[in-house]
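This report describes selected local features of one protein chain. The sequence and structure are shown first, and the discussion follows.

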Amino acid sequence: MNPDPQKLVVADFNGDGHPDLAILSGQSANTVYVALNNGNGTFGTAIAYHFAPGFATMNDLAVADFNGDGRPDLVGVGSSSAINAGLAGVLINQGAGTFGSPTDLPLPGDPIDVLTGNFSGSGNADIAAVNSSGALDILPGAGDGTFGADQSIFTTKLATPGAQAVAADLNGDGLPDIAFLSASQGGFGVLLNTSPGGTTPVAQSVVKPTVSGTLPSTPLVAGGKIKAINQTVILTPSAAFKGSVTVNLQFSTTSSFNSANPTVATLTRNLNLKAGRSQKFIVAIKSLPSGLVGGYHLVAQLTDPSGATSSVASAQAVSIVAPTIDLSGSFATVPAAAHAGRKTTIAFTVANGGTISVNASLPIDISASTTGALDSTAVTLDDFTRHVLIQPGKSLKLHVIVPMPASAGTYYLIVELDPQNTLNDVNLANNTFASLTPILVS
């Protein structure tokens, strides 16, 4: 390992229950070494991980779970020669004590100290950077390993040089506050967190859920019943537990549970388990609320009688789309010739390119035009309603008997599907179509 260690932090990076070490190098400005605990007071060979090469100095190191997967990630702050400003570098824990590619986040000035906590009140881990000039800046975490724009809290209050700050809940509202050294504040100052949502912290339940089961690879449709998605929920306590627990399942855009998201399935069970023993249950997701559109993780949160919670998110994501109808059509059979004023049989196909089935009365108008367009030459031949049942991605052929124009000539047939859009079709451009060849009416 690098012989000039500068900063040491401790966390269980590989999830084996033993504290591991991360050491910031003093010789290589963008390197951190991770040494995993063997469980007996000894450590394995330290593995080097690198922040971005643009770091000229790396001044401080901290840990927090930035993407909500329950594993501690790393953040370092320092200055960058490439942009002549500050940087925060984030390394996301990939599991088993390994780390992925670095993410660089620009900061003003020369950050020399870094704090982590839920400073913005979002429930996610944020980054607070202390600047050598006496400034304090916060990068709000999105809960998925990404961060919002830098927010400057103040610019000159901190004592310099060697400014230092600490995070703690100083007023008992459940949100971390910041205390800092400050000559201008009489030795130290306190910054109370006024973010919305301050509350008493929720304890972590000793019962942990895990959720497994294959999520569909094809998009789901929001706003109604779906083919049941069966998930296996395993409940395991870390200490003996007796009582009732409730597990709520939701789809979330991040891997964190958010009480604002709708619940898609609920499991309530009485448990009487020894530590480490498990019970397995099957829960089915049978419908999806409207408004869910995009990529989602399935997240489960368990709540026990004391109000303590624990949660888990699926590694696999699922795509959810809006319920839509998109009808289109084309002619299948058009006679080459017909008699004026007489009836003839035609056939055309109606396809559903939407995400939900059409099971409704479909208004249809049929016209004839010498130009193939609904212009001044067009005459209405028939308008009627036909009940159709068309699944998404499927089509239906309709055979219709219509009267020909009363005057002789060469005509193209034109079909309008649902001219008044009673079915709320999302794309009306393909609802009207003309025959490719004309009919000679004599």
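## The setting of Pro438

Between which strands is the place of Pro438? In this predicted model, Pro438 is in the loop between β33 (432-434) and β34 (439-441).

Once the neighbours within four places in sequence are set aside, Pro438 is in contact with Pro335, Ala336, Thr410, Tyr411 and Tyr412. Ser407 stands 31 residues from Pro438 along the chain, and the C-alpha atoms of these two residues are separated by 15 Å.

## A five-stranded open sheet

Five strands form an open sheet with mixed pairing, in the order β19-β25-β24-β21-β22. Its edge strands are β19 (220-221) and β22 (263-273), each of which pairs on one side only.

Strand β19 runs parallel to β25 (residues 309-321), and two bridges join them. Across this pairing, Val221 stands opposite Val321 in β25.

## Aromatic pairs

How many aromatic pairs does a search of the whole structure find? The search finds six. In one of these pairs, the ring centres of Phe66 and Phe147 are 5.2 Å apart and the planes meet at 70°, so the arrangement is edge-to-face; the cut-off for that class is over 60 degrees. The pair links distant parts of the chain, 81 residues apart: Phe66 belongs to the loop between β5 (55-64) and β6 (73-80), and Phe147 to the loop between β13 (136-139) and β14 (151-154). Both Phe66 and Phe147 are buried.

Phe331 and Phe348 also form an edge-to-face aromatic pair, with 6.2 Å from centre to centre and 70° between the planes. This pair likewise links distant parts of the chain, with Phe331 in strand β26 (residues 327-333) and Phe348 in strand β28 (residues 343-352), 17 residues apart. Phe331 counts as buried at 16% relative accessibility, and Phe348 is buried with a relative accessible area of 0%. Elsewhere, Phe13, Tyr49 and Phe99 form one aromatic cluster.

## Salt bridges

Side chains of opposite charge can pair when their charged atoms come close. A search of the whole structure finds two salt bridges. One of them joins the side chains of Asp60 and Lys7, at 3.3 Å from N to O. Since Asp60 lies in strand β5 and Lys7 in strand β1 (residues 5-11), the pair ties together parts that are 53 residues apart in sequence.

Arg71 counts as partly exposed at 31% relative accessibility, and Asp69 is partly exposed with a relative accessible area of 28%.

## A nonpolar surface patch

Which residues form a nonpolar patch on the surface? The patch is made of Leu170, Leu181, Phe188, Val190 and Leu192, which together have about 460 Å² of accessible area. One of these residues, Leu181, is found in strand β16 (residues 177-182). At 40% relative accessibility, Leu181 counts as partly exposed.

Conventions
Residues are numbered from 1 along each chain as its sequence is written. This is a predicted model: local features need pLDDT of at least 70, side-chain atom pairs count only at pLDDT 80 or more; totals for chains, interfaces and linings use all residues. Side-chain values use heavy atoms; hydrogens and water are left out. Helices (H or I, at least four residues) and strands (E, at least two) are DSSP runs, numbered from the N terminus. Contact means heavy atoms within 4.5 Å. Two strands pair if DSSP finds at least two bridges between them. Patches are made of residues with over 30% relative accessible area and no salt bridge: like charges are joined within 9 Å, nonpolar side chains (Val, Leu, Ile, Met, Phe, Trp, Tyr) within 5 Å. Accessible areas come from the Shrake-Rupley method with a 1.4 Å probe; for residues, only the protein chains shown count as cover. A salt bridge is a side-chain nitrogen of Lys or Arg within 4 Å of a carboxyl oxygen of Asp or Glu. Buried means under 20% relative accessible area, exposed over 50%, partly exposed in between (1.4 Å probe, protein chains only). Rings of Phe, Tyr and Trp (its six-membered ring) pair if their centres lie within 6.5 Å; planes under 30 degrees apart count as stacked, over 60 as edge-to-face and the rest as tilted.
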